[in-house]
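Hello,

Here is the structure we talked about. Please look it over, then read my notes below.

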Amino acid sequence: MSRRRLFVGCTAGVTGAAIAAWAFAADDSPLNWYQSATVSAKTDRKKRPLPPRSEQIKNLQAGHTYDVLIIGGGATGAGCALDATTRGLRTALVESDDFASGTSSRSTKLIHGGVRYLQKAILQLDYEQYKMVKEALHERANMLEVAPHLTRPLPILLPVYKWWQVPYYWFGIKMYDLVAGDRNLKSSYYLSKNNTLELFPMLKSDNLCGGIVYYDGQQDDARMNLAIALTAARHGATIANHVRVLKLHKTAGKLSGARVRDELTGKEWDIKANSIINATGPFTDSIRKMDDQAVREICCPSSGVHIVLPGYYSPEHMGLLDPSTSDGRVIFFLPWLKGTIAGTTDLPCDVTHTPKPTEDEIQFILTEVRNYLNPDVEVRRGDVLSAWSGIRPLVSDPNKPDTQSLARNHIVHVSPSGLVTIAGGKWTTYRSMASETVDAAIESANLKPLFRDCQTDGFLIEGAHGWTPTMYIRLVQDFGLEMEVAQHLAKSYGDRAFAVAKMAAMTGQRWPVIGKKLHPEFPYIDAEIRYGVREYACTAIDMIARRLRLAFLNVQAAAEALPGIIDIMAEELKWNESEKQKQMKMAADFLANEMGQMVNRASRDKIPINLNKDEIQTYIKRFQIIDKDRKGYVSINDIRRSLKSMGVKPSDAEISAILSEIDATYHGQLEIQDYLQNYGEEVTGEQLHEILREIDTNMNGQVELDEYLQMMSAIKSGHVTYSRFARMAEMEEEHHEKEVLKKQISVERSGGGFVMQRLESKGVSGGGGWRSGPPTLFRFRSSQL
């Protein structure tokens, strides 16, 4: 094996030298990925307003015969709708849940050609693999051009820890550039050890030889999927989410339509269509069996879990690739929306509408991440802000006699009755997959499109037409938005950000003028909820997971913002109190099961109590101070009394100063304001219940001593990084000691000087200021509670 590696390394070095002239002469400047195309029909901003969902449903019920009915609103289904409608076909699309509710919102967020596929193509001399990479690299460049607001080129570092791997990986990455040709984003390059650590300082330095940096694209996958669907709607397609296909209709042995049901109202009706496209991803076989019960299943589902860690785990503008994990898989470690995505796993799974991450998969990812980061970065279980599982629909090809082997690319299959199935493939190639699928539909149903050829190559997506990299400045200047909020709106909505800003409420402050944040740690504002309803968001889950990405970024923050989000949606959608409670429960279940909140909590509760005698005595003392009646548990009333008794009243400036002093890596996730209540103010029931829920493991509405000790053990071990209850208990102890000292020390004839000196020696500051206590407590952040 070592001889083979030496041979491969030498061969790569010689071959690399042969193309060195090309490599070093290559243009090292970034591709002008934001540029206007020359075909006006593809770049004109469509004036047609988005029809409301009620109008789309009405059109589907009108009895029209569509040329194409597409089942599935993921990336491929939305791509098919855009392709078909831009060719002049009468197009309808229905999705049983929400656009991008399945795998299309749960990807690694990369737009890539596939470095590992190219490696296989070269080593195995596999031309099919090469063609797949070539196609994907073309589509990568196209996505960055047609949706520049939702995408960006991202440099990815491949660290090298063995010298023989330097020429091997360098040659492979240069071939990746070469295959991309004039569609390359930016030329790859080699970094010395020092330069590698300068760009990625979190990286483990032991035995590091250097690094190789190459470029791929990155996207906001759910909003990209939605933008494609909205673009199709603006160009005439009739699209509707939360509409389920119940049955396929046939006439003379050929498909002629479908029976559908509106999942929001329960109403059923028929849709007539000349051709039906099955673009349902992991649920491909369920639609195929509606067409033919005897058909053989072709989908082989695989679970891919990702986790989100705080932003300080990676540089903001550079990702990392682990090309060979402990079990031979590939792990990406990527900055995304101020957080860090790590993943993915690849395990067989069952097809389900509610895939859940498992603790084993989360621990596998954390272990791999830990292997690449230096000892200063303590990889803690409690830093997992959210975790999700996406089902990758690997398929066998029904067009071939041997259906046992899985297709490496997508497959398009037309059944005897005319059902066109598109399955497999990957996010990056959604457009070319859609093109091939619509071609098959046209041929099988003998459709007569206005344009025979695909029109979507270079076709600008919703929000791209008037977008520029500095557009956010106009939002700041014209509307008085906070800069971070303006940048977020420009990147999420493109030139439609101005329409969003017009819906923003006044803040009542000098600055920013408009834009009330839904959560203090994130740039999402109230106007996005109102605009999201116009983007066909029908449920609270639609909003927190796919219009906003809050559920994917921080599950606890999403839970905290949920009541306010539901209140705004209730205004827009006329929900009554019963519907609001229903939406709250559904969204809470979604966060608990699909976004990792429950598995996070379970991991904490499994930690054995690992406290020493002194620590246990300290925590028992704090517990008893709060439990003044010695009931053996802490109730809501105890928490209310404790918070009110502290009477702490810092200014905003004092809070900011404290945070900047004690938390060098602070990134907007320290919720100190939750504990600094104004003197005499009534703490809301919602806040009290949140504090109680984070520690009340048996859900009986009270906190027992063993639950408190369990929480402190989880904090000590890193399985929990911040607890409001724990912080409240510590502050109550400080307040209690201060009150005891006041009773013990007479202030007569002292002028207060001696007393204040004694108080400060005990950790209590004077002069109206506030002292935080042990700075180690501020390592805790609101991740999973």
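How many aromatic pairs does the structure hold? It holds 12. Rings of Phe, Tyr and Trp (its six-membered ring) pair if their centres lie within 6.5 Å; planes under 30 degrees apart are stacked, over 60 edge-to-face, the rest tilted. One of the pairs is Trp388 with Phe552, edge-to-face at 4.9 Å centre to centre and 70° between the planes. This pair links distant parts of the chain, 164 residues apart: Trp388 is in strand E16 (residues 386–395) and Phe552 in helix H19 (residues 550–553). Helices (H or I, at least four residues) and strands (E, at least two) are DSSP runs, numbered from the N terminus. Both Trp388 and Phe552 are buried.

This is a predicted model: local features need pLDDT of at least 70, side-chain atom pairs need 80 or more, and totals for chains, interfaces and linings use all residues. Residues are numbered from 1 along each chain as its sequence is written, and side-chain values use heavy atoms, without hydrogens or water.

Next, salt bridges (a side-chain nitrogen of Lys or Arg within 4 Å of a carboxyl oxygen of Asp or Glu). The structure holds 38. Asp542 bridges to Arg546, with the closest N and O atoms 3.0 Å apart. They are 4 residues apart in helix H18 (residues 540–547), so about one helical turn separates them. Asp98 and Arg547 join Asp542 and Arg546 in a network of salt bridges.

Best wishes

Key:
Buried < 20%, exposed > 50% of the residue type's maximum accessible area, 1.4 Å probe, protein only.
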